[in-house]
Amino acid sequence: MTTITLNNGVEIPQLGFGTAAIDEWQEDNSYVTDTILKAMSIGYRHFDTAAVYGNERALGRAIRDSGLPRQELFITSKVWDTEQGRGTAAAFERSLERLQLDYLDLYLIHWPVPPYTRETWEAMEELYDEKKVRALGLSNFRKSDIEQIATFARVRPTCNQIELHPYLTQREMVDYCQFHKLAVVCWSPLGSGSWSGVPATEKPIVDPVIIQMAQKHGVTAGQIILKWNIQQHRIAIPKAESLDHIRKNFLLYDFELSEEEIKAIDSLNRYHRFGADPDVAHEINKKVPVPD
Ligand SMILES: NC(=O)c1ccc[n+]([C@@H]2O[C@H](COP(=O)([O-])OP(=O)(O)OC[C@H]3O[C@@H](n4cnc5c(N)ncnc54)[C@H](OP(=O)(O)O)[C@@H]3O)[C@@H](O)[C@H]2O)c1
């Protein structure tokens with residue numbers, strides 16, 4: 001498994017496992033735990049959750065039941081809009097408690113809420129100082145949000161987790177992040193999970209350019225898209241429930257895309273978001289509470 005070294009020296013596995021809406025949105029049951037255990041048995045060690053996914057307990061049970069040493073795992077969680085600002089430290093503690101962990105590898109601001117960002121980040125810096133989290137990061141931050149944080153951050157953000165797939169290549173944001181030494185973590189790398197309601201027929205996994213490349217390399221369309229990220233030094237966190245998907249998404253090292261193939265995927269960009277736009281997301285997010 002290849003890793004990327006974050007700007008504070010912490011190593012993050014380039015391929016992670018997304019956990020949003022395994023089974024259903026905010027399900028926290030044994031099926032979720034078993035799906036994560038399957039991913040662990042195949043070799044995934046990096047898991048992406050968030051307080052609002054409502055599945056931190058299921059991930060915590062999987063960590064415990066797997067018997068894997070804690071230091072072999074890389075666990076990310078995120079502070080939700082309604083818990084930012086003054087509520088950040090308590091939200092972090094609740095995440096730790098649900099996960100049954102005593103530290104996180106990465107803690108992110110889930111969505112930018114500029115009036116709260118300073119208070120949220122300063123609370124996260126304290127958690128970092130106390131060694132309760134190994135790296136701090138951002139998610140869905142726009143250039144202006146990153147510029148805002150740069151004016152006061154004592155601890156630098158290490159990454160920005162953004163929606164990124166062949167129909168939303170985010171070239172400008174990727175260049176900006178790479179220039180500022182922020183790792184790029186791609187969410188919905190395959191074009192989103194069941195939570196989005198987007199039919200599979202509209203996703204890049206059925207794009208003819210990608211299907212043709214998959215046939216040429218004897219792999220799946222999902223593998224092509226994930227490899228396109230990995231070869232460009234990005235981190236991808238695909239979610240999958242089917243054992244076949246979980247397994248295939250992990251097998252990315254027996255083939256290589258050419259420069260021309262990478263460019264051909266880049267050129268599929270349509271500036272199309274399957275998820276929310278950070279310009280308006282908070283208006284919706286603030287009405288969504290974090291489940292207990
Ligand atoms: N920071 C944020 O705001 C944010 C927002 C959204 C998501 N995320 C994170 O990003 C993760 C991934 O995003 P996502 O869950 O939206 O979607 P995704 O990973 O792009 O796509 C998941 C969907 O693709 C299917 N799939 C998986 N592997 C496949 C393959 N090889 N071939 C064909 N289909 C395949 C899955 O099917 P099956 O499940 O049936 O196998 C599932 O329906 C989330 O789980 C979450 O951790 C973060």
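Biologist: Let's start with helix 3 and helix 4: at what angle do their axes cross?

Modeller: Bear in mind that this is a predicted model, where local features need pLDDT of at least 70 and side-chain atom pairs count only at 80 or more, while totals for chains, interfaces and linings use all residues. Residues are numbered from 1 along each chain as its sequence is written, and side-chain values use heavy atoms, with hydrogens and water left out. Helices (H or I, at least four residues) and strands (E, at least two) are DSSP runs numbered from the N terminus, and axes are lines fitted to C-alpha atoms, for helices over the stretch in contact, with angles from 0 to 180 degrees between N-to-C directions. The axes of helix 3 (residues 88-99) and helix 4 (residues 114-129) come within 8 Å of each other, and they cross at roughly 50 degrees.

Biologist: What does that make helix 3 relative to helix 4?

Modeller: The classes go by angle: under 35 degrees is roughly parallel, over 145 roughly antiparallel, 65 to 115 roughly perpendicular, and the rest oblique. So helix 3, relative to helix 4, is oblique.

Biologist: Which residues of helix 4 make that contact?

Modeller: Contact here means heavy atoms within 4.5 Å. Helix 3 brings T88, A89, F92 and E93, and they meet helix 4 at T120, A123, M124 and L127.

Biologist: And how many nonpolar residues does the contact of helix 3 with helix 4 have?

Modeller: Ala, Val, Leu, Ile, Met, Phe, Trp, Tyr, Cys and Pro count as nonpolar, Asp, Glu, Lys and Arg as charged, and the others, Gly among them, as polar. The contact of helix 3 with helix 4 has 2 polar and 1 charged residues, and its nonpolar count is 5.

Biologist: Are helix 7 and helix 8 roughly parallel or roughly perpendicular to each other?

Modeller: I210, I211, M213, A214 and H217 of helix 7 meet A221, I224 and I225 of helix 8, and that contact splits into 7 nonpolar, 1 polar and no charged residues. The two axes come within 8 Å and cross at roughly 95 degrees. Helix 7 and helix 8 are therefore roughly perpendicular.

Biologist: How many residues of helix 8 are buried?

Modeller: Buried means under 20% relative accessible area, exposed over 50%, and partly exposed in between, using a 1.4 Å probe and protein chains only. Its cover includes strand 9 (183-187), helix 7 (208-217), strand 10 (235-236), helix 9 and helix 10 (259-266). Helix 8 (residues 221-231) is largely enclosed by the rest of the structure, because its buried residues number 11 of the 11.

Biologist: What about aromatics: how far apart are the ring centres of Y44 and F250?

Modeller: Rings of Phe, Tyr and Trp (its six-membered ring) pair if their centres lie within 6.5 Å, and planes under 30 degrees apart are stacked, over 60 edge-to-face, and the rest tilted. By that rule there are 7 aromatic pairs. The planes of Y44 and F250 are at 45 degrees, so this pair is tilted, and the centres are apart by 4.8 Å.

Biologist: How many residues apart are Y44 and F250 in the chain?

Modeller: Y44 is in the loop between helix 1 (30-42) and strand 4 (46-48), whereas F250 is in helix 9 (residues 243-250). Both of these residues are buried. The pair links distant parts of the chain, and the separation is 206 residues.

Biologist: Which ring does the charged end of R270 sit over?

Modeller: A charge counts as over a ring if NZ of Lys or CZ of Arg is within 6 Å of the ring centre and within 35 degrees of the ring normal. R270 is in the loop between helix 10 and helix 11. Its charged end is 3.7 Å from the centre of the ring of Y167.

Biologist: Is N140 buried or exposed?

Modeller: N140 belongs to the loop between strand 7 (136-139) and helix 5 (143-150). Setting aside neighbours within four places in sequence, N140 has contacts that include H110, W111, N160 and W187. The relative accessibility of N140 is 4%, which means this residue is buried.

Biologist: Last one: what is the relative accessible area of Y271?

Modeller: Y271 is in the loop between helix 10 and helix 11 (281-285), and it has a positive phi of about 55 degrees although it is not a glycine. Y271 is exposed, with a relative accessible area of 71%.
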